[in-house]
Amino acid sequence: MNVTTRGEAGGDDAGVRLDRVTFSYGPDMSMQFDCSARAGAITAVMGPSGSGKSTLLNLVAGFETPSTGRILVGGRDVTALAPAERPVSMVFQENNLFAHLTVADNVGLGISPGLKLSAADRESVALSLARTGLAGKESRLPRELSGGERQRVALARVLVRNRPVLLLDEPFASLGPALRDEMLDLVAGLEAERGLTVLMVTHQPEDARRIAGDVLFLEDGRVTARGTAADFFGGAGPEAFLRYMGEAYETDRSRGIARKPT
Amino acid sequence: MTAASSARSRDWRAIAGAAALAAVAFLVGGAFFGLLHEGAPSDLAAAFDDYMLRVARFTLWQAGLSTLLSILPAIAVARALSRHPSFPGRAWLLRLFAVPLGLPAIVAALGLLAFYGRAGFAADVIDAAGGGTWPGIYGLTGILVAHAFFNLPLATRLFLEALDTVPADHWRLASQLGMRPAATFRLVEWPVLRAALPGTAGLVFMLCVTSFTLVLTLGGGPGATTLEVAIYQALRFDFDPPRAVVLTLLQVALTAAVVVALSRFGMAVTGEAAIAVSRRRYLGVGRAEAFANGLIILLAAVFVLAPMAATVVSGLAADLGRLAGEASVRRAVATSLVLSGLSAFVAVPLSLSLVAARRGIQLRRRAVRPGPYERLLDAGPSLVLVVPPIVIGAGWFLLLRRGIDVFAAAPVMVVAVNAVMAMPFAVRAIRPAYDAASERHERLCAGLGIHGWNRFRLVDWPVLRRPLATGLAFAMALSLGDLGVIALFGSDAVQTLPYLVYQRMGSYRTADAAGLALLLGALCLSLMLAADRLGRTPE
C-alpha cells in the first residue's frame, strides 16, 4: 500500500493523530492515547469491551474533549473545534437517522444543517443515494427501510458531507454476515474513490481482515499494539492480540447458547 | 460556526433551566416572605391552642385512615385484576380507574353527595336495609369515602403495574409447581407488592394530608377540619393572620416531615402508572377464586363508577338551559378557560426548560453521579408538592394585602400557582420523550452542526410536539378543576367555574351546583382524554 500517493489522491493528507491525549470518565476510568492512523488507509480499531475503542473515535469526532493532549487531522490541530467543524464524519451503530425525516432529508442535512437545499444540492443527494444503492428511496422514512439500508443512508450522507476522515463505530454489527460483507465492500469502495482515512471499530476479526490495512489494538484505555493487518492476522501479532482473538472466537461459539432469547 | 457557538447552544439550555427554577423559587419564596413578614404571634406557645392541636391531629388521623382504606382494598383489586389478565371489559375498567385522577375534587365531592348523601341515590336503599335514617356522609365518613374514591383506583393501578413486572417465567414456574393461590400470593405476588407498598402508601398519605377541596366540601365543622381548611378559614372568615401564619408553618413542617420520611422509600410523586393492557399469565384460576375475584372487581367498579354516574344523572337533572343563559355562569366558564389556558402555557415552557437543562447538564458531566444542581433540576418540580397551593396562596395573600387589593391579584395568583402545581405532571409528560430524543439525536446534531433554531425546527419540534401538547392539556385540566387558590382569592369580580360550583353548594342551590359540576367534569375529562390520546405514540 503506497501511503503517499493515496494521501495525494484525497487532495489533502488527512492522517489522524492523537498526540498524548488523556481522558477520563472518572477516577477509575482514565485513558491515554498516543497513536496515529495513516491517511487514505483503513485502520481497524480492535480490543476487548471497555478498552476505549468508542472513546477513541468520540475523541476524534469531538463528542468527547481530551483532558490534555492534542488531536490532529492532516497536521492541523482540531482539539478546540466543535464536532461539526472537524473534517470528520462518523457513523454510529444505530440512530444515524432522524426517524421523522425522509431518506433524502436525512442525507440533505449533511449539506445544510437547516435543510436549505438548492437544486444542485438535491442532485448530489440523489447521486449519493444512487452510489449507495438507494436510488428511488428518497422519500421513504427510516422505519420503512431495513437495517442495512438505514446504514447505507448514513453512508450516503458521509458522501455529501465530503469530509476526508470517516469514523465507523461498529455500524454493521447488527447485520447478518453476507450483508455485513456487502457493506464493508461498499466502505472499501468509497474509501478508494475518495481517498478517505477510515477508522473502524470492530469486534469481528474477519471484518478487519476483509478491508483493513492497519490494526490498532487497545486494552484498558491504551493502545498496546499496532501494525499491519497482514501481520496481525498472519500470526505475527502481539501475544495480547492473539489471546483476545482466542477469547473472541470463544465468545463467538458460546454466544449462540448464552444469548438464547428468554 | 465555532466551538464557542455550540457551547453557547448548550448554555441556552442551562440559562432556560436557571430561569425556570428562579420563577418557581420566586413564587414559593414570595409566599414564605409574606408569612415571615407577617410574623408569628409573639407568644408561640399560646398560639398552639387546643383547636390547633386538634386540627393537626385530625389531619394526620384522617390521612392515615384514608390511606389504609385505599391501600388494603387496592391490593385485593389489583391482585384480582392481575389474576384475570383478559376478561371482557378489563381494559375499559382500567381506563375507568384512571378517570378520578382527572376529575376535579369538587365534582367528585358533588357526585359522592349525590350518591351517598342524605338525599342521595343510595340513601333509600340503605334506609330500607338498615331500618334507620341514613345520616349522609358529611364529616369523617365523607372525607374517608372521598379519599378512597380518588386513591383506591390510583393505588390499584400502581399495584397492578408492580404485578406486571413479575417475569412471565415466574408465572410459568408457579403454575408448573402447582402453587395454590395462597402460595402464589406469598411467593410471587407479595414480594413485588411489598416493594411497591411504601411508595404507593406514601403518595396516598401525602395526597390526603394536603387534600383541601374534599375536606372543605365534605368535612363538617371544627370536628372534621384539616390544617389547609383551617388556613382558609383563618384568612377568609376569621381574618386572623397570625393564626394563619402558625397554621401554614405547621402544615409546611408536617408535609416536609412526611416527604423526608417517604423519600427514603422512593415515593412515586405524580402517581402515574403504565399498565400493559393484557398479558398471558399461564395460570389456572379455580372456580371459587374466580368468583371471589369477580366480586371484588365488581364492587370496586361500582364504588368508582357510582359517584360518577350520580354526577351525570343529577347534572342532567339540573336546569342546564337556564344555567347556560346566566351571565355569571358564562363569565365563570370564560374566566376558567382563559386562566387555565394561560396557566398551562406558563407550566409547559417552564417544565421544558427544566427538562432540557437537566439533560444538558447530564450530557456535559463525565462523573457517574449527578451533581447538586442537576439533582435540583430533577427534583425541583416535585418539591413543589411539599408546599401546597393553599400555603403559597396564603403567603401571597398576607403579603399582597399590605399593598394592593388582594382580590384584584386573583387572576395572576391562580395562573402562577396552578402553573407551578402542574409542573411535576408536565415534566412527567415531556421528560421521557425529551431524554429519549436527546439520546438518539445529540451526537448526530453535534456531528452535523444542527443547533439553535434549525435544531428546534427540524429535530426537536417534530418529536416533542405531542408530549408538549399532552403536558399542555394535562396542565390545563389540573388548573381548570382547582379550587385551592381561587378559594382564597376569589370574589364577585373574579370567579372560576369551581368557585361558582362551591358558591352554589354553599347557598344550597344543589341542582345548579350539580349542573355546573357536570360541565366542569366534562371539560376536564375531555382535556385529560386529549392528553392521553396525544401521549400515545402515533407509530
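The questions and answers below concern a predicted model.

Q: How many salt bridges does the rule find across the interface of chain B and chain A?
A: Side chains of opposite charge can pair when their charged atoms come close. Over all chains, the whole structure has 28 salt bridges. Across the interface of chain B and chain A, the number found is zero.

Q: Which residue forms a salt bridge with Arg79(B), and is Arg79(B) buried or exposed?
A: The closest N and O atoms of the pair are 2.9 Å apart, and the partner is Glu289(B). Arg79(B) is in helix α3 (residues 50-83) of chain B and Glu289(B) in helix α13, 210 residues apart. Buried means under 20% relative accessible area. Glu289(B) has 13%, and Arg79(B), also with 13%, is therefore buried.

Q: Which parts of chain B does the salt bridge between Arg83(B) and Glu189(B) tie together?
A: The two side chains meet at 3.7 Å, N to O. Arg83(B) counts as buried at 4% relative accessibility, and Glu189(B) counts as buried at 0%. Arg83(B) and Glu189(B) are 106 residues apart in sequence, so the pair ties together helix α3 and helix α9 (residues 181-209).

Q: Which residues are linked with Arg509(B) in a network of salt bridges?
A: One pair in question is Asp512(B) and Arg509(B), at 3.4 Å from N to O. Asp512(B) is buried, with a relative accessible area of 5%, whereas Arg509(B) counts as partly exposed at 39%. The network links Arg509(B) with Asp319(B), Arg322(B), Glu326(B), Arg504(B) and Asp512(B).

Q: Which residues have the most contacts inside the largest nonpolar core?
A: In soluble globular proteins, nonpolar side chains tend to be buried together. The largest nonpolar core has 145 residues. Apart from it lies another core of 40 residues, including Val16(A) and Phe63(A). In the largest core, the residues with the most contacts are Phe159(B), Ile392(B) and Phe489(B).

Q: Is Leu299(B) buried or exposed?
A: Leu299(B) is found in helix α13 (residues 287-317) of chain B. With Phe291(B) and Leu295(B), Leu299(B) forms a nonpolar surface patch of about 350 Å² of accessible area together. Because its relative accessibility is 58%, Leu299(B) counts as exposed.

Definitions and conventions
Residues are numbered from 1 along each chain as its sequence is written. Chains are lettered from A and ligands numbered from 1 in the order in which they are written. This is a predicted model: local features need pLDDT of at least 70, side-chain atom pairs count only at pLDDT 80 or more; totals for chains, interfaces and linings use all residues. Side-chain values use heavy atoms; hydrogens and water are left out. Patches are made of residues with over 30% relative accessible area and no salt bridge: like charges are joined within 9 Å, nonpolar side chains (Val, Leu, Ile, Met, Phe, Trp, Tyr) within 5 Å. Accessible areas come from the Shrake-Rupley method with a 1.4 Å probe; for residues, only the protein chains shown count as cover. A salt bridge is a side-chain nitrogen of Lys or Arg within 4 Å of a carboxyl oxygen of Asp or Glu. Helices (H or I, at least four residues) and strands (E, at least two) are DSSP runs, numbered from the N terminus. Buried means under 20% relative accessible area, exposed over 50%, partly exposed in between (1.4 Å probe, protein chains only). A nonpolar core is a set of buried Ala, Val, Leu, Ile, Met, Phe, Trp, Tyr and Cys residues joined through side-chain atoms within 4.5 Å.
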